[in-house]
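Here is a short report on one protein model. Look at the sequence and the structure first, then read on.

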Amino acid sequence: MGTAMNPLDPLHLGKLGFGGAGIGNLYKAIPDGEALATVLAAWDAGIRYFDTAPHYGLGLSEQRLGAVLRDKPRDEFVISTKVGRLLEPNAAGGRDSEGFDVPATSRRVWDFSEAGIRRSIEDSLERLGLSHVDIVYLHDPDVHDLQAGIAQGLPALEKLRSEGVVNAIGVGTNSAEAALECVEAADLDLLMLAGRYTLLEQPGVPLLDRCVERRTGVVSVGAFNSGLLARPEVPDDAHYNYDQAPPEVLERARALASECRGFGVELPTAALQFPLRHPAVVNVTAGATSPEQVTTNAARMEEPLPEELWEALEDQRKGAGQ
């Protein structure tokens, strides 16, 4: 994929990263062989930034990602995981209740303390089978207790970075408001922002502008808005923000698709490339559950798009009063 030249990207993440939620059986189970083939397809496509989290499949994503990457030269890839949720043994059994199709052999326990964060990293390294991770994000602090995340979690991450345990630190969140509080409160290298700066909607613009000032790079995830922008034609049952898309959102997405078609471009190609147009964004990370999805995303990211398309889409956005 080449190396990024953005000065906010000291780790050289490249334009496209691989998100590990899908190989943690998000929404549906996929066989081990398919998951490992998907990670290998990302490597073969030139992707060298891989993101995961204990939350994804109760550690399954980390295990599967590590099974492939531990055989690769460690200095040739960048890997991030997340802290804030520890995995504790769960004797109750059953299935996971937080979106992953896995047995509930563990339960998630929120812990933003320094001790909890250190243990979380140690546990992740064991599942990954790696000696270190490059980036650690505080995961969804706003979902649990944003102020505790800021007061406890972020100073702990800064300490770990100063000790050389990790190379870079950040926060991963769906909330632009929470992200801004974190960016102001700590010296963050990166921010992983889900769905708040996409082709469909850009409420995160003030946050991204501030990230440029603070020299915090942004990793954009959720570029397809939960699948709404993932196909050239927008189906009636498309998802948006993890739920059924309402009619007015479907209409906006279809208008975007129509504009793209007029330039001979498919909607997902424009959606994947759009976030990189902001100078704060150093990487777009996309999940996948099959090798075909990975190779398609990689091809879309490299497709040259005419500047006139972006101008037309901006005119459409202004015309719609967005």
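## A loop residue with positive phi

R215 is found in the loop between helix 7 (205–214) and strand 9 (217–221). The model is predicted. Is R215 buried or exposed? R215 counts as exposed, because its relative accessibility is 54% and the cut-off for exposed is over 50%.

Now look at the backbone. Phi of R215 is near 60 degrees, a positive value in a residue other than glycine. Most residues other than glycine have a negative phi.

## Another positive phi

N25 is not a glycine either, and has a positive phi of about 65 degrees. Where does N25 lie? Find the loop between strand 1 (16–19) and helix 1 (32–44). N25 is buried, with a relative accessible area of 5%. R215, in contrast, counts as exposed.

## Aromatic pairs

How many aromatic pairs does a search of the whole structure find? The search finds seven. One of them joins W43 and F50. W43 is buried, with a relative accessible area of 9%. F50 is buried too, at 0% relative accessibility.

W110 and F112 make another pair. Their ring centres lie 5.9 Å apart. The planes stand at 75 degrees, so this pair is edge-to-face; the cut-off for that class is over 60 degrees. W110 is partly exposed, with a relative accessible area of 27%. F112 is buried, at 4%.

T52 is found in the loop between strand 2 (49–51) and helix 2 (60–69). T52 is buried, because its relative accessible area is 0% and under 20% means buried. What lies 3.5 Å from a polar atom of the T52 side chain? The backbone nitrogen of E62 does.

G46 lies in the loop between helix 1 and strand 2. G46 is partly exposed, with a relative accessible area of 22%.

Rolling a probe the size of a water molecule over the atoms shows where empty space is left. The second largest pocket has a volume of about 370 Å³. It is lined by 21 residues. The closest to its centre are L199, Q202, L313, E314 and R317.

Which elements give two or more residues to the lining of this pocket? Helix 8 (247–261) and helix 11 (307–319) do. Helix 11 gives the most, with seven residues. By class, the lining of the second largest pocket has ten nonpolar, four polar and seven charged residues.

Conventions:
Residues numbered from 1 in each chain as written. Predicted model: local features only at pLDDT ≥ 70, side-chain atom pairs only at ≥ 80, totals over all residues. Heavy atoms only, no water. Phe/Tyr/Trp six-rings, centres within 6.5 Å; stacked < 30°, edge-to-face > 60°. Buried < 20%, exposed > 50% of the residue type's maximum accessible area, 1.4 Å probe, protein only. 1 Å grid on protein atoms, 1.4 Å probe; cavity = no way out; pocket = protein on both sides within 12 Å on 5 of 7 lines; lining within 4 Å. Points joined across faces, edges and corners; volume = space filled by probe spheres on them. Helix = DSSP H or I, 4+ residues; strand = E, 2+ residues; numbered from the N terminus. Nonpolar A, V, L, I, M, F, W, Y, C, P; charged D, E, K, R; others polar. Polar contact = N/O pair within 3.5 Å; in protein donor to acceptor, adjacent residues only side chain to side chain.
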